[in-house]
Amino acid sequence: MAVGKVVASFVSILLVVGVVIGVVAFANKHNGANANKEAATVSTSSKVVTTICAATNYKDTCMNSLGNVAKNESATPKDYIVAAIQAAIGEAKKSFNVTESIKFDFEKNPTQKMAVDDCKDLLQSAVEDLQAAFSMVGDSELHTLNDRVFEVLNWFTAVVSYQQSCLDELQVPELKSPIENGMLNATQLTSNAINMVAKITEILQAFNINIDSFKTNSTNSPQASSSD
């Protein structure tokens, strides 16, 4: 009887161990599949960001600005451009705040007080034009974005002009240096956004999107045919 109980207990232990091994193997396989999927997603996102940022002059700044949107598997080319403009807006606001907090004895140089005041107005206009570009891109459908490139670039060109005019008016290093440093990220991100929008066709191709297919579908649509 004792021997029988021992054998029975041993068989039970083997069964339990077998079940545990099976569960662990399944879990490892499941986790491995998820890890591979996540790695593939990260790899694809990284390639997209690298491709988009290849069109820019400040690639590190570009990649940092697109880090969050790259985590979204379903992100579209427009999402990346919107994120780039949004980052530029945030930095432009910070550069404006620098002019607000500047410390300088303007009584000794009143002309520079006027220069800083002008700089504030210019940087505020830069923020407003970036917000206008943001709205234009955000409100555009993907297939119409390519047709609005020049409109968006006009906003960006104005922003660059405002930023440069601000610096040109500052003649005193104690003023110009901190304001110029405060504008660094804003100017880089604006430059990157310009390059992204200017090269929208290449960005669409990075997503395997052919803009001509939208035009073809539009031309062959029932509405297009009925208007002939």
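Author: Let's begin with a cut-off: a salt bridge here is a side-chain nitrogen of Lys or Arg within 4 Å of a carboxyl oxygen of Asp or Glu. By this rule the count comes to five salt bridges. Please keep in mind that this is a predicted model.

Reader: What makes Lys94 and Glu91 a salt bridge?

Author: Their N to O distance is 3.3 Å, and the limit is 4 Å, so the pair qualifies. Lys94 and Glu91 both sit in helix 3, three residues apart, about one turn of the helix.

Reader: Why is Glu91 called buried?

Author: Its relative accessibility is 15%, and buried means under 20%, so Glu91 counts as buried.

Reader: How do you know that Lys120 forms a salt bridge with Glu100, and which parts does the pair tie together?

Author: The closest N and O atoms of Lys120 and Glu100 are 3.3 Å apart, again within 4 Å. Lys120 belongs to helix 4 (residues 110–139) and Glu100 to helix 3, so the pair ties together parts that are 20 residues apart in sequence.

Reader: Now the packing. Why are helix 3 and helix 7 called roughly antiparallel?

Author: The axes of helix 3 (residues 77–101) and helix 7 (residues 173–198) come within 8 Å and cross at roughly 160°. Angles over 145 degrees count as roughly antiparallel, so the two helices get that label. Their crossing is left-handed.

Reader: Which residues make the contact between helix 3 and helix 7?

Author: Among them are Ala84, Ala88, Glu91 and Ser95 in helix 3, and Gly182, Met183, Ala186 and Leu189 in helix 7. By class, this contact has 15 nonpolar, five polar and one charged residues.

Reader: How do you know that Ser95 is buried?

Author: Ser95, in helix 3, has 2% relative accessibility; the cut-off is under 20%, so Ser95 counts as buried. Leaving out residues up to four places away in sequence, Ser95 touches Leu123, Gly182, Met183 and Ala186.

Reader: What makes helix 4 roughly parallel to helix 7?

Author: Their axes come within 13 Å and cross at roughly 10°. Angles under 35 degrees count as roughly parallel, so helix 4 is roughly parallel to helix 7. The crossing of helix 4 and helix 7 is left-handed. Gln112, Val116, Cys119, Leu123 and Leu130 of helix 4 meet Leu175, Ile179, Met183 and Thr190 of helix 7. This contact of helix 4 with helix 7 has seven nonpolar, two polar and no charged residues.

Reader: And how many helices and strands are there in the chain?

Author: Ten helices and zero strands. Of the 228 residues, 33% are buried.

Technical notes: Residues are numbered from 1 along each chain as its sequence is written. This is a predicted model: local features need pLDDT of at least 70, side-chain atom pairs count only at pLDDT 80 or more; totals for chains, interfaces and linings use all residues. Side-chain values use heavy atoms; hydrogens and water are left out. Axes are lines fitted to C-alpha atoms, for helices over the stretch in contact, and angles run from 0 to 180 degrees between N-to-C directions. Helices (H or I, at least four residues) and strands (E, at least two) are DSSP runs, numbered from the N terminus. Angles under 35 degrees count as roughly parallel, over 145 as roughly antiparallel, 65 to 115 as roughly perpendicular and the rest as oblique. A crossing is left-handed if the near helix is turned anticlockwise from the far one by less than a right angle, and right-handed if clockwise. Contact means heavy atoms within 4.5 Å. Ala, Val, Leu, Ile, Met, Phe, Trp, Tyr, Cys and Pro count as nonpolar, Asp, Glu, Lys and Arg as charged, and the others, Gly among them, as polar. Buried means under 20% relative accessible area, exposed over 50%, partly exposed in between (1.4 Å probe, protein chains only).
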